[in-house]
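These are my notebook entries on what I looked up in this structure. I begin with the sheet and then turn to the packing.

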Amino acid sequence: MGIARLYPSRPQIALQFAGWVLYNLRMRFTTVFFDLDDTLYPPSAGLWHAIKERMNIYMRDRMGFPAEQIPRIREKYFLQYGTTLRGLQANHEIDVEDFLAFVHDLPLKDYLIPNPILRSVIASLPTRNLIFTNADRRHAERVLTALDLNDLFETIVDVNAIAPYCKPMPESFQIAMRLAGESDPSKCVMIDDIHRTTTAASKAGLFSILYSESYSNSSADAHLTDWNDLKGILERQ
Ligand SMILES: [Mg+2]
């Protein structure tokens, strides 16, 4: 056979090469978009909860919102605009950079510990892997460093890159794919912990995977509770 002819004296290399070819032929995807917060680390880490607390403090102390109204306003903005920030931008004067710096100003080492399994799973994927987050690049880089994952992603598609949109708006997926150099959504995967984002990703033609620590019903194309299962899910499609 051709591979054996290429490596007649090195059967081990020939076998490895054949395995690599088969593996990549088996997977129809070329790009995987990973959400950041509550996906690359579990909700039980408490970081995302702490970020939301700082959003409340910012809105109360820097913008003058009555404390008791903030949860309702944030819920409304989340549903109507995608994120608290996009809602604040649409309805109030806000310094976006100042807001993002304030809410993410947390000692990440107190919340995050590297997950060697997650690292080896991502490193073994034959796909191009990108971060696609509604947070900003600076936060994403700090989180990736704290998780020891900072060398595994080609690009970070952050909230500024997709402005004025954000996940789950359809335009945000178009921009993310364009930045990834992908024109065919069926070759792309979105892994996220928020139902409406995976639903929107599916509608945009991507293969969607809902990540959560426990099983939950969703309209995602697949559900992931254990990172060890990721390769199998991708290969089976
Ligand atoms: Mg998330």
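Which residue stands opposite Phe 34 in S4? I found Ile 191 there. The model is predicted, with local features needing pLDDT of at least 70 and side-chain atom pairs pLDDT 80 or more, while totals for chains, interfaces and linings use all residues. Residues are numbered from 1 along each chain as its sequence is written.

Entry 1, the sheet. I noted that strand S1 (residues 31–34) pairs with strand S4 (residues 188–192) in the parallel sense over four bridges. Strands are DSSP E runs of at least two residues, helices H or I runs of at least four, both numbered from the N terminus; two strands pair if DSSP finds at least two bridges between them. I read the order of the open, six-stranded parallel sheet as S3-S2-S1-S4-S5-S6. Strands S3 (155–157) and S6 (222–224) each have a single partner strand, so one side of each lacks a neighbour in the sheet.

I looked up the contacts of Phe 132 and found, leaving out residues up to four places away in sequence, Phe 33, Phe 34, Asp 35, Val 157, Ala 176 and Met 190. Contact here is C-beta atoms, placed from the backbone, within 7 Å.

I found that the axes of H4 (residues 70–81) and H5 (residues 84–91) come within 7 Å and cross at roughly 90°. Axes are lines fitted to C-alpha atoms, for helices over the stretch in contact, with angles from 0 to 180 degrees between N-to-C directions. H4 and H5 are therefore roughly perpendicular, a term covering 65 to 115 degrees. Among the contacting residues I listed Tyr 77 of H4 and Leu 88 of H5.

Methods:
Two residues are in contact if their C-beta atoms, placed from the backbone, lie within 7 Å. Angles under 35 degrees count as roughly parallel, over 145 as roughly antiparallel, 65 to 115 as roughly perpendicular and the rest as oblique.
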